[in-house]
Amino acid sequence: MRIVYMGTPDFAVPALDALARAGHEIVAVYSQPPRPAGRGKVLRPSPVHQRAEAMGIAVRTPLTLRDAEVQAAFAALHADVAVVAAYGLILPGAILQAPRFGCLNIHASLLPRWRGAAPIQRAILAGDNLTGVTIMDMEAGLDTGPMRAKHVTPIEDKTAGALTQELAQAGAELLVEVLDDLALHPPMAQPEDGVTYAAKIEKAEARIDFSRDAHQIERQVRAFNPFPGAFFEYRGERFRVLAAHVEEHQGPAGELLDHSLLIGCGHGAIRPTLIQRAGKGAMSAGELLRGYDMPAGSRVDDGAA
C-alpha cells in the first residue's frame, strides 16, 4: 500500500519500522516541527522525524493541517491509507477523507476506555488491571471511530515508560496484521458504555500528596516514570521518585517513619527505592542516604493545602 505515516514520539517509531519491513510504500512522514531541546536549546527533530530521515523518507512538519495548501499537498500524495500514532495535531475532514481507505490510528488503550491524550498514564493511575492497544478508523470525534483490532496486556507493576514500549511494539505488529487484509478486520462501532477520557498530564499532578493512600501514590510514581516524574520536596530540594513500594506501617502523613526513607501516607506508608535529586542521576535510596541525612521524625513537604 501507499502509506502516509503521521507520528512524533518514540511510541510511534516501531510502527514506522514495521510498515517498512512489511514492504509498504511509505510516501511521506508527517511529524511535529523540531523543538528546542537540551541546555543549548538547539532545535531537535522528533524521534519519528529522525528515524524517517535515516530511512530516506521525505518528512513534512507543518504547524497546522488546516491550511489549504497543506491539505492539497497531502491529497497529492494519493495515499491508500494514512497511519496516525501520537502525531499531536488534529486532522481536519479534508485530511481524513483524502486517502483511499481513510486514516487508521494506533491508540494505546482498550477503547472506549481512555480516549484522549494520556491513556497509558491514566490507566495506571486508575489502578486498571488491563490495558492494550486499539487499531481504529479515524473520524472527527476524539478517538470515537470504529475499531478494527485490539491487543490486551496486563499492567501489573509496569511503569508508563515500560508500558509505552510494550504497547508501541504490540501496536506495530497489530497494525501490520490489519493492513495485510482490511477485509478480515472490518470496522466495529465502539460501545456507548465504558467511555472514559484520558486528559493530558499536567505537571502539577506530579507532586506527591502524602495525605493520599499509599497505593495511589505508588501508582502515581509508576504513571509518571519517566515523565514528568512524581516528586516531593525536602529542605527546599526536589526529589523525583522513580520507584517505590507500599508497606503496611502507619504514621503521620508526610513524616519519615524510619531512617530508611519510609514515609507515612493517609493510609499505609510508601518507601521510595529509586530516587533522583535535582541535577543528579538516579540512585537507590541506600545510595542517597549514605550521603544525605533524612532522619526519622522529619517531614517532607507534601504540598497539601
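Is E156 buried or exposed? At 57% relative accessibility, E156 counts as exposed (exposed means over 50% relative accessible area, buried under 20%, partly exposed in between; 1.4 Å probe, protein chains only). The model is predicted: local features need pLDDT of at least 70, side-chain atom pairs count only at pLDDT 80 or more, and totals for chains, interfaces and linings use all residues. Residues are numbered from 1 along each chain as its sequence is written, and side-chain values use heavy atoms, with hydrogens and water left out.

E156 lies in the loop between β10 and α6 (helices, H or I of at least four residues, and strands, E of at least two, are DSSP runs numbered from the N terminus). Its phi is positive, about 50 degrees, although E156 is not a glycine. D143 is likewise not a glycine and has a positive phi of about 55 degrees. D143 sits in the loop between β9 and β10 and counts as buried at 14% relative accessibility. Most residues other than glycine have a negative phi, and most peptide bonds are trans. A cis peptide bond joins L111 and P112, with omega about 15 degrees. P112 belongs to the loop between β7 and β8 (115–116). The bond from F227 to P228 is also cis, with omega near 0 degrees. P228 is in the loop between α7 and β12.

An open sheet of 7 strands runs in the order β5-β2-β1-β6-β7-β9-β10, with mixed pairing (two strands pair if DSSP finds at least two bridges between them). β5 (59–60) and β10 (147–154) stand at the edges with a single partner strand each, so one side of each has no neighbour in the sheet. Strand β7 (residues 103–107) pairs with β9 in the antiparallel sense over 4 bridges. N105 stands opposite M136 in β9.

D137 is in strand β9 (residues 130–137). It is buried, with a relative accessible area of 14%. A polar contact of 2.6 Å joins the side chains of D137 and R148 (a pair of N or O atoms within 3.5 Å; within protein, one must be able to donate a hydrogen and the other to accept it, and residues adjacent in sequence count only if both atoms are side-chain atoms). Beyond four places in sequence, the contacts of D137 include C103, L104, G145 and P187 (contact means heavy atoms within 4.5 Å).

Helix α7 (residues 214–223) is mostly covered, with 8 of its 10 residues buried. These buried residues pack against α5 (119–125), α6 (160–180), β12 (230–234), β13 (237–247) and β15 (269–277). D213 caps the N-terminal end of α7: a side-chain oxygen lies 2.7 Å from the backbone nitrogen of H215. β12 is mostly covered too, with 4 of its 5 residues buried. β12 and β13 pair in the antiparallel sense over 5 bridges. E233 has R238 in β13 as its bridge partner. The two strands β12 and β13 form a hairpin with 2 residues between them, and R235 in the turn has a positive phi of about 55 degrees.

Helix α1 (residues 13–21) packs against α6 at an angle of about 35 degrees, with the axes 8 Å apart (axes are lines fitted to C-alpha atoms, for helices over the stretch in contact, and angles run from 0 to 180 degrees between N-to-C directions). The contact involves P14, A15, A18, L19 and R21 of α1, and A168, Q169, A172, L175, V176 and L179 of α6.
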